[in-house]
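Notebook open, structure loading. I want to look up some charged pairs first, then the strands and a helix.

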Amino acid sequence: MIEKTNMSRVDIIVPVYNVAPYLRRCLDSILSQTMPDWRAICVDDGSTDESASILDEYASEDERFVVVHTMNEGLSAARNIGMELSSSEYIMFIDSDDFIHPQTLEIGTFLADRDSSDIVTWYRDSNYRNREIRFAKYLGKDTVSLVPRRYSTRYDLNSIRTSVVDDFGRVCTDWRHPQMSVNIKHCFVWRHLFRRSSVVDLKFVPRQKYEDIVWWSELMLRPLKATITSLPLYYYYPNFGSITKASTRLDKTCEILRGLSIVYRSYRKSSSYEQMSRWSHNIKWAILFGSAKKLDEMTEGDTSELIHLLSDLRDMGFFEDATTVKEIWARSKFIHFITGEPRPLLGSMILKMRVYAAR
């Protein structure tokens with residue numbers, strides 16, 4: 001086992017499993033960082049392609065790459081190993097089929113030091129994912145070697161616009177269009193810099209897919225100070241071999257419900273009313289609304305497991321705090337899926353609410 005050292009300000013945790021076509025791009029983006037005081041803890045989760053040899057190659061050429069080879073235990077286990085080996089002031093996560101802007105560490109540590117923040121958060125470059133990759137794919141070009149247009153942009157540290165909040169859980173949301181002027185959108189762990197002492201004891205649930213939801217929701221119980229910037233420093237690549245892309249809609253929904261169930265049980269034991277309420281309306285119902293819109297696609301195949309999960313959640317009172325139009329509509333969709341009870345159309349519900357509000 002690799003021993004801990006105090007040789008870096010930032011430990012970058014990179015879980016790796018069969019991503020050979022994308023791995024060099026990820027590791028090169030770490031090498032390109034303008035802030036050189038880092039260590040990349042790369043956990044090879046039993047890869048069967050060339051990923052392991054690529055990692056060993058980089059480690060042999062730069063001692064800042066630390067490689068751990070393990071049996072295949074899943075993404076959660078790989079991240080947990082990375083955190084156990086970390087010893088720096090800050091840590092961050094990068095998925096190995098993605099990559100980061102060259103100034104990511106420089107900007108992150110600057111803002112964390114300036115504001116004494118526990119978390120510094122930024123955004124993924126949606127223009128790269130939604131436009132540049134699609135256009136290159138349409139033209140039949142190689143999307144892996146595509147360099148994002150904003151990758152060469154250099155930012156003035158003293159001109160970066162930010163917001164600072166004392167309790168980051170108050171501004172976390174999974175709604176695509178939240179009603180918050182300041183927000184941290186979605187339960188992704190890979191576009192933030194964390195003060196290690198604030199998160200290192202919080203483990204990912206082993207073998208739990210979409211484990212970000214559970215980990216992030218548990219983190220929301222901690223009153224951590226956060227600096228928020230909208231800079232597009234993370235480049236998410238739509239790898240169709242990844243867990244997210246490879247899962248069927250039915251499997252994905254079941255895994256998400258399992259994760260939400262874990263959080264719900266935990267919150268009932270350890271959260272305040274306010275914490276439960278904001279998690280429920282900003283995270284739980286936002287995720288449920290997205291899943292409910294896809295329920296009609298899950299009528300084929302064996303849905304017994306999904307019905308069982310939904311029934312258990314209903315019996316726990318999981319759906320009983322629906323108050324907004326979208327929440328009530330999503331609840332009705334899930335109850336209809338279990339029991340066959342009639343459900344209202346979302347459009348008609350919104351119209352009724354508008355008429356009522358106009359009186």
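This is a predicted model: local features need pLDDT of at least 70, side-chain atom pairs count only at pLDDT 80 or more; totals for chains, interfaces and linings use all residues.

I looked up E73 first: at 42% relative accessibility it counts as partly exposed, because buried means under 20% relative accessible area, exposed over 50%, and partly exposed in between (1.4 Å probe, protein chains only). Numbering starts from 1 along each chain as its sequence is written, and side-chain values use heavy atoms, with hydrogens and water left out.

What does E73 meet in a salt bridge? I found the side chain of R207, at 3.5 Å, N to O; the rule is a side-chain nitrogen of Lys or Arg within 4 Å of a carboxyl oxygen of Asp or Glu. R207 sits in the loop between helix 6 (196–199) and helix 7 (211–219), and E73 in the loop between strand 3 and helix 3 (75–85), 134 residues apart. Helices (H or I, at least four residues) and strands (E, at least two) are DSSP runs, numbered from the N terminus. R207 counts as exposed, at 54% relative accessibility.

Next pair: R79 and E211, with the closest N and O atoms 2.6 Å apart. This one ties helix 3 to helix 7, 132 residues apart. Are these two buried or exposed? R79 and E211 are both buried. My total for the rule is 25 salt bridges.

Then I turned to strand 2 (residues 38–45), where eight of its eight residues are buried. W38, A40, C42 and D44 lie on one side, and R39, I41, V43 and D45 on the other.

Which strands pair with strand 2? Strand 1 (residues 10–16) runs parallel to strand 2 and is joined by seven bridges, and strand 3 (residues 65–70) is also parallel, over six bridges; pairing takes at least two DSSP bridges. From strand 2 the chain crosses through helix 2 (residues 51–61) to strand 3, a right-handed β-α-β crossover (with the strands pointing away from the viewer, the path from the first strand over the helix to the second runs clockwise).

Last entry, helix 2: S51, A52, I54, L55 and Y58 are its buried residues. They cover an arc of only 165° around the axis, so they are on the same side of helix 2; the arc uses directions from the helix axis to the C-beta atoms. S60 and E61 are exposed on the other side.
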